[in-house]
Amino acid sequence: MGLVQGLSATEVAERVAAGQVNHAPDANSRSISDIIKANTFTWFNGLIGAMWLVMLLVAPLQDSLFGFVIVANTGIGIVQEYRAARALAKLAVIGEAKPVVRRDGIDIAVRANEVVLDDVIVLTTGDQLVVDGLVLFADGLEIDESLLTGEADPVDMKIDDQAMSGSFVVAGSGLYRATRVGRDSFAAGLTEQAKKFHQTNSELRDSINRFIRLLSYLLLPVGLLLFFSQWLRTDLPIKEVLRDTIAGMVTMVPEGLVLLTSIAMAVAVIRLAAKKVLVQDLPAVEVLARVDTICVDKTGTLTEPGMQVREVVVLTTNANMSGALGALAAVESSPNPTLQAIGARYPNPLWTAQTSVSFSSARKWSAATFTGQGSWVIGAPEMLLADGDDVRSRADTIAADGARVLLLGTSDITPDAETGPGQITAIALVVIDQTLRPDAAETVAYFLTQDVRVKVISGDNAATVGAIAAQAGVPGAENPVDARTMPPDTADVAKVLETASVFGRVTPVQKQSMVDALHLQGCTVAMTGDGVNDVLALKSADLGIAMGSGSGATRAVAQLVLLDDKWSVMPSVVAEGRRVLGNIERVADVFLTKSFYAIFISIATGVFAVAFPFLPRHLSLIGALTIGIPGFFLALMPNTERFRPGFFKRVLVFTAPAGAVAALAAFTSYGIALQIGESLASAQSAATVTLFIVATAVLTQSARPLNLLRIGIVALMIVLFLGVLFIPFASKFFILSLGPERYSLVAIVVGLAGAACIWVMTLITDRWRKA
């Protein structure tokens, strides 16, 4: 590897000047212009913006307040999303995997977007390829292209083989020259397509979009009914007809719901960033709340990073044993933590290696043939010795206390990755200590109390995995399963997973199969890991979580990266997801209730051909005090409620009857006021007061469980509404009053009756929603 000099500084500068740099599309990044466009040019904003312009022409400025609210909401959304984008960008720089390039004969780490055409890139186990290129040197180099091609078997790379960006190194090391960079590379093309066509599954987003789609079917016919009934049968001027029609249509649109959902997600990203959790996919925040099964790798997740040799149990006297351990550790170009621990204990004897087989997670052994010293192998005893061998039993006994046990032996052949290690003569058992993270047991206990199942899936010896899992408090740790005995069919694997929780000797493909099997059971699966052997499972899981110190490939495919390597942060991460989902459901209750009562009131107004019961400013006021302002606070409050599937159904079960009650109460108050001879303005005041009382009852029910803060918010909204009624300037501005006249008594009595109906209705719908 030392013969290739790489580009010179001058050659790099020439390629940068020519634009031959690896500037590839990032599916997770958004520029400020993208954020502004996404928040401004929406279907809602276009519809409401058009109606706002008409309202400015036909009605007083007070009746156009809804437009200013939309402008403010859009501005808040842009600011919050930009803050989240900046927080992510800062963390991404910390957490990103940096490829190593060779320039002027020196290996240096650079950012992926600093790689230029013809750069020589150094590859070691766990690296993800960032550009396409041609292999210049390979030392047992094996590359997994399954993320690109779907083929699970690693590819042995030889000189002049083509290597594709997006694949990752599972064994060995090598050098390759960048032949295609930026948008020309293979993975960049996949990223472009994914950016256009792929969206992560989000029940929250899908449910809101489904309601919007249903609403869009009603908006035009209800609007036309309202317009023609006002124009043809009430003898109102055309300006007032347009004003009333717009008032009804605007109220039907839950414009703030999408905004508050985006803000809640953005705030969650910022909060997680403060905990050094990098969110690489926004819907991951929602998936956090839906997870009911979490799969963890033992090494680096339950245990502390780093290992050390506890002892070497000699089985057969061999004078070269210590030298062989040092030589095997030294011959590995990118040693894993186990070989690093051995190398730290046993110095390199400087033996000359004729051939070598690099360690891989699939093989679970490595080997080398040395001049004058023969062939040596080190790896998992169960992969190197036959079933029933006494050495294997002895190794299992040692592993039962949580240690990692390796077999050192000599081979009767020159080992090869294809033909295998040969007949092994056992020389020694190497015992490696691993330490349980001090917070592992507490974190496992949290998940169990939250009804989240914990599955430990490791490539280590089953007895070792079981011992560590038992220390962490994982149920079923006393009966670990050796994955080599598991059936190949995914459906059969699912049956094993129903009763077992701890698995050892799991290959990378089996890890992926286990995640798929859990999906067959209807589980929402999170997978945590740090090694290259976890990549496939991370990609298949609903939520992939990588350790910040993990391999570059692992961090690249994960949706969350724990930059501080603290698994103990996971409870707060899950709590953040639940806060978002639970609060958005609360907010959806009040927003969609408004849509339903607007639909019912508009239909009733059209059918009975009466003047619209509200001025636009009345509905803007009610929307602000019972939905917009309290909804903003509710969306950001703590919420530990466990997630339950069926968001769309639960929201509709509450909001449709609540909207019907609100509409009936308001229209009844309006009709009675007109019947007893009150003026149109007084009847509209009665309808507004009644609707406010009922909408406040809906807000109170949605804010449960009530505490002093939530009660305080509801009380503040009531005080503000009373201020509008009794402060002369505000009363005149909104053309709204409450005095000794009969309509005031009607408004209050009907409103309280409607609020009582909401309370009774909630007792009934709560049973349906929990069913």
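**Note on the predicted model**

1. Helix α7, residues 203-233, is the largest contributor to a nonpolar patch, supplying five of its residues. The patch lies on the surface and consists of Leu 220, Leu 224, Phe 228, Trp 231, Leu 232 and Ile 238. Together these residues have about 610 Å² of accessible area. The structure is a predicted model, and the points below should be read accordingly.

2. Leu 224 sits in helix α7. Its relative accessible area is 40%, so Leu 224 is classed as partly exposed.

3. On the chain as a whole: the protein chain contains 28 helices and 21 strands. Its C-alpha atoms fill a box of roughly 115 × 60 × 40 Å along the principal axes. The chain has 771 residues, of which 56% are buried.

4. The protein chain exposes about 31400 Å², with 61% of that area supplied by carbon and sulfur atoms. Among contacts in the chain with a separation of 6 or more, 73% are between residues 24 or more positions apart.

5. Helices α25 and α26 deserve a separate point. Two packed helices are described by the angle between their axes and the distance between the axes. Here α25 covers residues 680-702 and α26 covers residues 708-726. Their axes come within 11 Å and cross at roughly 170°. Angles over 145 degrees count as roughly antiparallel, and α25 and α26 are therefore roughly antiparallel to each other.

6. Which residues of α25 and α26 meet? From α25 there are Thr 688, Val 689, Phe 692, Thr 696, Leu 699 and Thr 700. From α26 there are Val 714, Met 717, Ile 718, Phe 721 and Leu 725.

7. Val 569 lies in the loop that runs between β21 (560-562) and α22 (570-608). Is Val 569 buried or exposed? Its relative accessibility is 14%. The cut-off for buried is under 20%, so Val 569 counts as buried.

8. Apart from neighbours within four places in sequence, Val 569 is in contact with Lys 275, Val 277 and Leu 562. Ile 294 is 275 residues from Val 569 along the chain, and the C-alpha atoms of Val 569 and Ile 294 are separated by 14 Å.

Methods: Residues numbered from 1 in each chain as written. Predicted model: local features only at pLDDT ≥ 70, side-chain atom pairs only at ≥ 80, totals over all residues. Heavy atoms only, no water. Patch = residues over 30% accessible without salt bridge, like charges linked within 9 Å, V, L, I, M, F, W, Y side chains within 5 Å. Areas by Shrake-Rupley, 256 points an atom, 1.4 Å probe, with all protein chains shown as cover. Salt bridge = Lys/Arg side-chain N within 4 Å of Asp/Glu carboxyl O. Helix = DSSP H or I, 4+ residues; strand = E, 2+ residues; numbered from the N terminus. Buried < 20%, exposed > 50% of the residue type's maximum accessible area, 1.4 Å probe, protein only. Axes fitted to C-alpha atoms, helices over the stretch in contact; angles between N-to-C directions. Parallel < 35°, antiparallel > 145°, perpendicular 65-115°, else oblique. Contact = heavy atoms within 4.5 Å.
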